[in-house]
Amino acid sequence: LTMSFTLFLFNIFSANHRSLLYSENYETKTISIIHFRFLVSLLILVSSIFIILFFEFENKFFLIMLTILICVQWIAEIFLTIHEKKRKIQAVNYILFSNLSFFILVCIIIVFGWLNYLSFLIPIIILNYIIIFKNEFGKINLNIRNFLFFFNTLNSSIKNLEIISSFALN
């Protein structure tokens with residue numbers, strides 16, 4: 001339930017930022033997109049934690065860590081797009097290799113029934129993203145301009161029916 005809620009909201013708020021970053025006239029708004037995703041991630045994280053605690057789920061730590069992982073990956077998607085656009089193949093290959101490694105570890109954990117270890121692996125995956133993109137995450141700051149862009153983007157998404165079209169995908 002909580003993961004569906006989280007993924008549903010990310011799908012709604014994603015709009016088409018990734019593809020917009022490839023267009024030349026949108027390049028100056030890259031940092032604003034990052035801040036937008038960061039603010040949306042904070043809102044979704046707080047909402048998800050509230051739902052997890054309100055409904056008294058069994059594996060609270062696991063669900064909260066999974067929500068944080070989804071938030072970090074959603075923000076990191078923009079960082080990865082920037083690296084792809086600048087043709088920084090080493091960063092792209094490193095993230096691909098680390099994701100593949102973690103995927104194999106998750107498969108091994110599931111096959112052998114060691115599901116309790118997933119709760120310990122997820123924070124390592126989160127930390128891996130933060131280390132890989134430490135410079136990019138370090139540039140995130142909250143100020144009035146970023147909040148205004150957040151509300152303007154949200155308002156624009158509603159006016160352009162981007163959010164409504166995202167509902168159709170779900």
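Of the 170 residues in the chain, 40% are buried. The model is a predicted one. Its chain contains nine helices and zero strands, and the order of elements from the N terminus is accordingly α-α-α-α-α-α-α-α-α. When contacts between residues at least 6 apart in sequence are considered, 76% of them join residues at least 24 apart. The chain has an accessible surface of about 10,500 Å². Carbon and sulfur atoms account for 68% of that surface.

Seven aromatic pairs are present in the structure. One of them joins Phe50 and Phe54, whose rings are stacked, with a centre-to-centre distance of 5.7 Å and an angle of 20° between the planes. The angle falls in the stacked class because planes under 30 degrees apart are counted as such. Both residues belong to helix H3, which covers residues 30-54. Within this helix Phe50 and Phe54 are four residues apart, so about one helical turn separates them. Phe50 is exposed, at a relative accessible area of 56%, and Phe54 is likewise exposed, at 54%. Phe54 also pairs with Phe55: the ring centres lie 5.1 Å apart and the planes stand at 85°, so this pair is edge-to-face. The relative accessibility of Phe55 is 48%, and the residue therefore counts as partly exposed, since the exposed class requires a value over 50%.

By residue class, the lining of the second largest pocket comprises twelve nonpolar and two polar residues, and no charged residues.

In summary, the chain is built from nine helices without strands.

Technical notes: Residues numbered from 1 in each chain as written. Predicted model: local features only at pLDDT ≥ 70, side-chain atom pairs only at ≥ 80, totals over all residues. Heavy atoms only, no water. Helix = DSSP H or I, 4+ residues; strand = E, 2+ residues; numbered from the N terminus. Buried < 20%, exposed > 50% of the residue type's maximum accessible area, 1.4 Å probe, protein only. Contact = heavy atoms within 4.5 Å. Areas by Shrake-Rupley, 256 points an atom, 1.4 Å probe, with all protein chains shown as cover. Phe/Tyr/Trp six-rings, centres within 6.5 Å; stacked < 30°, edge-to-face > 60°. Nonpolar A, V, L, I, M, F, W, Y, C, P; charged D, E, K, R; others polar.
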